[in-house]
Amino acid sequence: MAQIRIENVRKDFGAFNAVSSSTFTIEDGEFFMLLGPSGCGKTTTLRMMAGLELPTSGEIYIDGKEVGMKPASQRDIAFVFQMFALYPHMNVGKNISYPLLSQGMPKPAVRKKVAEVAEILGISDILKKPVGGLSGGDRQRVALGRAIVRDPKAFFMDEPLGALDAEFREHMSEELRGLHDRMNATTVYVTHDQLEAMQMGDKIVVMNHGVIEQFGVPQEIYDWPASKFVAKFIGSPPMNFLEFDGAVDINADSVTLGESKFKIPQMLEGAKGQLSVGVRPEHVHFNDESKYRGTVTAIEYLGTTQIITLSTFNGDIKARISSSRAVSLKENVGLDFDHRTLTVFENERGKALLSRANQGVLNGG
Amino acid sequence: MSNFSATEPSSRQKWVAGTLVILYAVITMLPLLWIIATGFKSPSDSIAYPPKVMFEPTLEGYVNLFTTRTRATPEILEKLGEPATWYDRIVRQYNMVISGPSRYLERFFNSVIIGFGSTFFAIVLGTLAAYAFSRFKVPLKDDLLFFILSTRMMPPIAVAIPIFLMFRQLGLNDTHAGMILLYTAINLSLAVWLIHGFIDEIPIEYEEAALVDGYTRFQAFYKVVLPQASTGIASTAIFCLIFAWNEYALAVLLTSGTAQTAPPFIPTIIGVGGQDWPAVAAGATIFLMPVMIFTVLLRKHLLRGITFGAVRK
């Protein structure tokens, strides 16, 4: 198992820039998520780490060795493809043993190892079957088997659950995470599903348009997004933005929205022009005494909680509140925000402004 | 009305369809059967009028095909005594003796060497080229592919004279190498196009999986792509072989002895002073066999090759 370091990696396809200057480190044994919308360069980044794509510039270190220009076969890594890519002309056992045969391992040792892996994944009974008739879950297990059989330095997975149906996905993601915890293998996992990333990942990199937006543990990214893009991409419903035209100064600890003054974490960075205050739906509270008002325009019932859409002076926002509070359409309610959780964004660049609350996360990452 | 029915056709419909198919098969098979039958007729039966459907089979045609014979005087025949073998006996009926083997076998093996040789080269080169076109960034890919296709837009015989002149300059006239080269060149465009389509259908992930599993690109191509493209390659091979095997016009023009293939040779069997149709038919029958066997062996692939593109996996 190994640490993986990406330094200033860039990839161009002709005139199109797929990944621009990425730098991050994946620690040994980490379950690492590459998250972003489709076309953001996350798969390209993964394929460069795996050696299926060569970087235009920059360095990739696996286990301390620079491998950027080495072919995939010399990197000692395993790759799980979205469509599994099981060799259709071989049965399950042959598929799993295939990586071992390339190393010239003797036949009896191969058989033993395959049996071991099949045991771990619970597919011992289907080793002789052709891969054609397998269910999605079993295909997934065979693909994992082919990956773990070789004890590679790292596992790379490109949306491995994307081809499964929703119900089975949950089960498989637990299985995957369990497998990782048992083997303690460095795993890099590409997904566009923010929920999957938050559930499974030790660390997340959020990418957009080939640029890394933020890097960190899931909770830090959720609580203290570095940009409006991350704030919108992560969380469902996403973070609310209360847009306003004005200024915040260094050391400011409040903003004025409409006629109300809201406390914010003390700012370490000032800005003026188009700004917005970001607040997660669960941090929007109803408070009848508040002068800041909103009108209910939609109610989504979700069991224990409900999502209330409100029209305010600074645009539409969503609040996640307990279902026990009765809410009716067109109701006018007073609103309050949990001031410790607020982030101020500067709209032009879409970046979060540094405050005492988020400086640990934003400077650390 | 829809062109497709989701229901099982009625037994009457099946009966009609079956009859039509059988009828069509009989009509197309009839000339073939006639040739095979003629091969077993005696020369007089073969030109009898009205044509004989029922006849006494004889191997005369085959004996005449494989041997050269000379007429012998009664004295010589007397001296030779009783014929030693069954084929001697057949020849003696006409007061002839076998003077040696004919050239048919030679020509037949020329066909085998040139037909299978050119098919082999067309398939090997075609597969490699198709793989490159399918997987790599080839500059001007579409133009090159179109150029390759364009070589098939005229009948090969249209360039027979230039080829003849070139071959004469290069000393390739009437050589095996020349004919293999020519048929390979003609078949290559078909091979590239057909196999290109088949390889395009194979997801690239299979190879990438093999690459990360520790195989080189050539190993991945050889062990993962080839087995999966085998169907397509086999059907392409049949098409190439059928062309090279049956080609007549260029063979007539460019071969005369050493490298002459069976198609231009068979008509020369007719001979002088009497047309030996049974021998011609026997030659044609034997000539048909290799392609027939090859096609039957690979028929599953051939079917898939013909319907290629029509059905998505």
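**Sheet, domains, cores and chain contact in the predicted model**

In chain A, six strands form an open sheet with mixed pairing, in the order β6-β7-β8-β3-β9-β10. The edges of this sheet are β6 (77-80) and β10 (211-216) of chain A; each has a single partner strand, so one side of each is left without a neighbour in the sheet. From one strand to the next, the twist averages 15 degrees. The model described here is predicted. Strands of a sheet pair through backbone hydrogen bonds, in either the parallel or the antiparallel sense. Strand β9 (residues 203-208) of chain A pairs with β10(A) in the antiparallel sense, over 5 bridges. Within this pairing, Met207(A) has Ile212(A) in β10(A) as its bridge partner.

Chain A is assigned two domains, domain 1 (4-223) and domain 2 (234-364). A distance of 38 Å separates the C-alpha centres of domain 1 and domain 2 of chain A. Contact between them involves 7 residues of domain 1 of chain A and 5 residues of domain 2 of chain A. On the side of domain 1 of chain A that touches domain 2 of chain A, α6 (194-200) and α7 (218-223) of chain A each supply at least two residues. The largest share of that side, 4 residues, is from α7(A). By residue class, the side of domain 1 of chain A that touches domain 2 of chain A consists of 3 nonpolar, 2 polar and 2 charged residues.

The largest nonpolar core comprises 144 residues, and Phe156(A) and Val344(A) are the residues with the most contacts inside this core. Helix α9 (residues 176-200) of chain B gives the most to this core, 12 residues. When neighbours within four places in sequence are left aside, the contacts of Phe156(A) are Leu46(A), Met49(A), Ala50(A), Ile77(A), Ala78(A), Phe79(A) and Val188(A). Another core, of 16 residues, lies apart from the largest one; Val63(B), Leu65(B), Ala262(B) and Ala279(B) are among its members.

Helix α2 (residues 92-102) of chain A is mostly covered, with 8 of its 11 residues buried. The buried residues of α2(A) are Val92(A), Gly93(A), Asn95(A), Ile96(A), Ser97(A), Tyr98(A), Pro99(A) and Leu100(A). Among the elements that cover these buried residues of α2(A) are α3 (107-121) and α4 (136-148) of chain A. Just after α2(A), Gly104(A) has a positive phi of about 75 degrees.

The contact between the two chains takes 18 residues from chain A and 14 residues from chain B. On the side of chain A that touches chain B, the elements that give two or more residues are β6 and α2 of chain A. Thus β6(A), an edge strand of the sheet, and α2(A), a mostly covered helix, both contribute to the side of chain A that touches chain B. This side of chain A divides into 14 nonpolar and 4 polar residues, with no charged residue.

Several backbone features were also noted. Most residues other than glycine have a negative phi, and most peptide bonds are trans. In chain A, the peptide bond from Ser236(A) to Pro237(A) is cis, with omega near 0 degrees. Pro237(A) is placed in the loop between α8 (228-233) and β11 (240-248) of chain A. In chain B, the peptide bond from Tyr49(B) to Pro50(B) is cis, with omega near -5 degrees. The loop that holds Pro50(B) runs between α2 (43-46) and α3 (60-66) of chain B.

Positive phi values occur in residues other than glycine as well. Asp151(A), which is not a glycine, has a positive phi near 50 degrees. This residue, Asp151(A), lies in the loop between α4 and β7 (154-158) of chain A. Asp151(A) has 12 other C-beta atoms within 10 Å and is therefore exposed, the limit for this class being 12 or fewer. Asn95(B), also not a glycine, has a positive phi of about 60 degrees. The position of Asn95(B) is in the loop between α5 (86-92) and β2 (96-101) of chain B. With 13 other C-beta atoms within 10 Å, Asn95(B) is partly exposed.

Note on methods
Residues are numbered from 1 along each chain as its sequence is written. Chains are lettered from A and ligands numbered from 1 in the order in which they are written. This is a predicted model: local features need pLDDT of at least 70, side-chain atom pairs count only at pLDDT 80 or more; totals for chains, interfaces and linings use all residues. Two strands pair if DSSP finds at least two bridges between them. Axes are lines fitted to C-alpha atoms, for helices over the stretch in contact, and angles run from 0 to 180 degrees between N-to-C directions. Domain bounds come from an automatic or database domain assignment. Ala, Val, Leu, Ile, Met, Phe, Trp, Tyr, Cys and Pro count as nonpolar, Asp, Glu, Lys and Arg as charged, and the others, Gly among them, as polar. A nonpolar core is a set of buried Ala, Val, Leu, Ile, Met, Phe, Trp, Tyr and Cys residues joined through C-beta atoms within 7 Å. A residue is buried if 20 or more other C-beta atoms lie within 10 Å of its own, exposed if 12 or fewer, and partly exposed in between; C-beta atoms are placed from the backbone.
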